[in-house]
Structure formats: C-alpha cells, structure tokens
Amino acid sequence: MVKQFPENYERLAFGNVFASLPKNPTAPMTPTEAKECFRKFNVSFEAAYWKHISMVVPDSKLRDQIKASIGMKLVAVYHFFYNHILATGDEKSVTLFIRFFPEDVGNYLSDLFIRMAGSGSSSLSSSQSEMRMDP
C-alpha cells in the first residue's frame with residue numbers, strides 16, 4: 001500500500017497540472033494554443049504547489065519517492081513542451097506567458113513536504129519568493 005501512495009498522491013494532487021499539458025508535448029500548435037496551454041499550466045501548477053507546500057511527509061524515503069514520481073514525469077513532459085514551443089513558435093510573444101522554466105518546476109517540487117511541523121518556517125529556497133502570481 002505504501003508503494004502505491006506516491007502514484008495515488010501524484011494523480012490526486014497534481015492531476016490537474018498534468019492535464020494542463022498536451023498529451024503530445026511536441027504536437028504542432030498555434031501561438032494562441034501554446035499561450036493557453038502555458039496559462040493553464042501556470043494556474044494549475046501554482047494552485048497545486050501552494051496547496052501542498054505546507055504538507056509534511058516525515059519519512060524521508062517516502063517523501064523522496066513522492067517527489068521523484070511527480071518530478072520525473074512532470075518535469076520531462078513540461079521540458080519537451082517548453083522546448084518544442086520555443087523552437088517552433090513565435091518565441092517573443094510566447095515567452096510573455098511562461099512563468100516557469102523546466103528547471104524551476106523541478107526546484108519548486110524539491111521543496112515540497114519538508115516544512116518543519118509547528119515551526120512556522122520552512123526551508124524554501126529564495127527562488128520561491130520570486131514566484132509570480134499575476135495572470
């Protein structure tokens with residue numbers, strides 16, 4: 001049951017984030033479609049991140065399994081999509097809608113589940129304070 005937890009958690013907590021990305025991240029799309037995809041990703045990723053940043057997984061092995069399960073899949077798909085859009089689209093107009101570089105997504109995910117219970121503080125990186133919440 002513990003082995004299934006990372007996959008179940010990934011599906012429940014980050015399902016909307018995965019759904020915001022195209023099934024085929026290298027499929028051709030118009031700049032308007034790409035902007036909408038990035039907009040949906042931004043909104044869903046921020047929502048999932050802020051909802052789950054304060055959660056604690058005290059078991060370091062389980063915490064690492066959850067983060068690895070989400071990170072390997074999400075970062076890979078987002079990376080393919082991001083690079084494909086930059087290589088094929090109108091880079092200048094599309095980049096206005098990109099809030100996260102692929103490595104940023106991985107960095108944000110790495111900070112999940114480590115807040116110290118009851119301390120009111122966390123070991124968040126300084127880059128997280130730079131997350132833009134504007135549309």
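In helix 1, the buried residues are Pro6, Tyr9, Glu10, Ala13, Phe14, Val17 and Ser20. The cover over these buried residues includes helix 2, helix 3 and helix 5. The model is predicted. Helix 1 has 16 residues, which should span 22 Å at 1.5 Å a residue. Its end C-alpha atoms are 22 Å apart, so the two values agree. A bend of about 70° is found in helix 1 at Phe14.

Ser20 also belongs to helix 1. Its relative accessible area is 8%, so Ser20 is buried. Beyond its neighbours within four places in sequence, Ser20 contacts Cys37, Lys40, Phe41 and Ser44. Between Ser20 and Glu36 the C-alpha to C-alpha distance is 9.3 Å, at a sequence separation of 16 residues.

The pattern along the sequence reads α-α-α-α-α. The chain has 135 residues, of which 38% count as buried. Among contacts with a separation of 6 or more, 79% join residues 24 or more positions apart.

The mean pLDDT is 81, and 79% of the residues reach 70 or more. Among the elements, helix 2 has the highest mean pLDDT, at 93. The lowest, 71, belongs to helix 4, residues 91-95. Over residues 116-135 the pLDDT is below 50. In the model this stretch has 30 contacts beyond near neighbours in sequence.

The largest nonpolar core contains 31 residues. Phe14, Phe41, Phe45, Leu74 and Tyr78 have the most contacts inside it. Two or more core residues come from each of helix 1 (5-20), helix 2 (31-52), helix 3 (60-88) and helix 5 (102-110). Helix 3 gives the most, with nine residues.

Tyr78 is touched from several parts of the sequence. Not counting residues up to four places away, Tyr78 touches Leu21, Phe38, Phe41, Ile98, Phe100, Phe101, Pro102 and Val105. One of these, Phe41, is also in contact with Ser20.

Aromatic pairing was examined next. A pair of aromatic rings is described by the distance of the centres and the angle of the planes. The structure holds 14 aromatic pairs. In one of them, Phe38 and Tyr78, the ring centres are 6.1 Å apart and the planes stand at 90°, so the pair is edge-to-face. This pair links distant parts of the chain: Phe38 lies in helix 2 and Tyr78 in helix 3, 40 residues apart. Phe38 and Tyr78 are both buried.

Phe38 also pairs with Phe81. This second pair is tilted, with 4.7 Å between the centres and 40° between the planes. The Phe38 and Phe81 pair again links helix 2 with helix 3, across 43 residues. Phe81 is buried, as is Phe38.

Asp104 is placed in helix 5. Its relative accessibility is 21%, so Asp104 counts as partly exposed; the cut-off for buried is under 20%. Asp104 and Val75 are 29 residues apart in sequence, with a C-alpha to C-alpha distance of 9.1 Å.

Phe113 lies in the segment after helix 5. Phe113 counts as buried because its relative accessibility is 1%. Leaving aside neighbours within four places in sequence, Phe113 contacts Tyr9, His52, Ile53, Met55, Val56, Val57, Arg63, Ile66 and Lys67. Of these, Tyr9 is one of the buried residues of helix 1. Phe113 and Asp64 are 9.3 Å apart, C-alpha to C-alpha, and 49 residues apart in sequence.

Notes
Residues are numbered from 1 along each chain as its sequence is written. This is a predicted model: local features need pLDDT of at least 70, side-chain atom pairs count only at pLDDT 80 or more; totals for chains, interfaces and linings use all residues. Side-chain values use heavy atoms; hydrogens and water are left out. A nonpolar core is a set of buried Ala, Val, Leu, Ile, Met, Phe, Trp, Tyr and Cys residues joined through side-chain atoms within 4.5 Å. Buried means under 20% relative accessible area, exposed over 50%, partly exposed in between (1.4 Å probe, protein chains only). Helices (H or I, at least four residues) and strands (E, at least two) are DSSP runs, numbered from the N terminus. Contact means heavy atoms within 4.5 Å. Rings of Phe, Tyr and Trp (its six-membered ring) pair if their centres lie within 6.5 Å; planes under 30 degrees apart count as stacked, over 60 as edge-to-face and the rest as tilted. The expected span of a helix is 1.5 Å times one less than its number of residues. The bend at a residue is the angle between axes fitted to the seven residues ending there and the seven starting there. pLDDT is the predictor's confidence in each residue, from 0 to 100.
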